[in-house]
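Work through the exercises below with the model open. Try each task before reading its solution.

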Amino acid sequence: MNKIGFGYDIHLLKAGRKLILGGVEIPFPLGLAGHSDGDCLIHAIIDALLGALGEGDIGVLFPDTDPEFKDVPSVALLEGVRRRVLEGGWDIVNIDTVIVAEEPKLAPFMDAIKARLGPAVGLKKGALGVKAKTNERLGDIGQGRAIACWAVALLEKPSSS
Ligand code: MG
């Protein structure tokens, strides 16, 4: 049996924050605002996994009012959600993602992001898609005020014989 899940997240870019995407720190004068490290790529992946499980969303699991999750690395949250998936008897087949950011150029960091995310979700390179695009200067993302991410995840449960 298979199930898919879909996730989306957007965070504002702010001065005085590190820019963390996919668990990788990217040199840039602005970073993503948020209660955690603001890693909207990982947040979108978490929501895709929870969506596939049919369980709430990241805000239900890790409330931004809970001091326990203040500035917590999102990779740690992702590892927790992966454990939840596995405990439910599911395997993650593949994950595909899109980052929409006008700046900075993310191509040089794609390999590092995949190397960081792959082990966190137990996927090899060929099963983990990370793509970056600009928003063609349109809207708030295109004006560099925010970064948005989309993710889909496919889960599989071996049929009991
Ligand atoms: Mg978020």
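This is a predicted model: local features need pLDDT of at least 70, side-chain atom pairs count only at pLDDT 80 or more; totals for chains, interfaces and linings use all residues.

Residues are numbered from 1 along each chain as its sequence is written, and side-chain values use heavy atoms, leaving out hydrogens and water.

**Exercise 1.** Find the protein donors of the magnesium ion.

Solution. 
- Search for N, O and S atoms within 2.8 Å of the metal (3.2 Å for Na, K and Ca); water is not among the atoms, so sites may look incomplete.
- His 11 sits in strand β1 and His 43 in helix α1 (residues 40-53), 32 residues apart. Helices (H or I, at least four residues) and strands (E, at least two) are DSSP runs, numbered from the N terminus.

**Exercise 2.** Which residues of the largest nonpolar core touch the most other members?

Solution. 
- Join buried (under 20% relative accessible area, 1.4 Å probe, protein chains only) Ala, Val, Leu, Ile, Met, Phe, Trp, Tyr and Cys residues through side-chain atoms within 4.5 Å.
- Of the 46 residues, pick Leu 21, Leu 49, Ile 99 and Ile 147.
- Helix α1 supplies the largest share, eleven residues.

**Exercise 3.** Is Phe 6 buried or exposed?

Solution. 
- Locate Phe 6 in strand β1.
- Its relative accessibility is 53%, so Phe 6 counts as exposed; the cut-off is over 50%.
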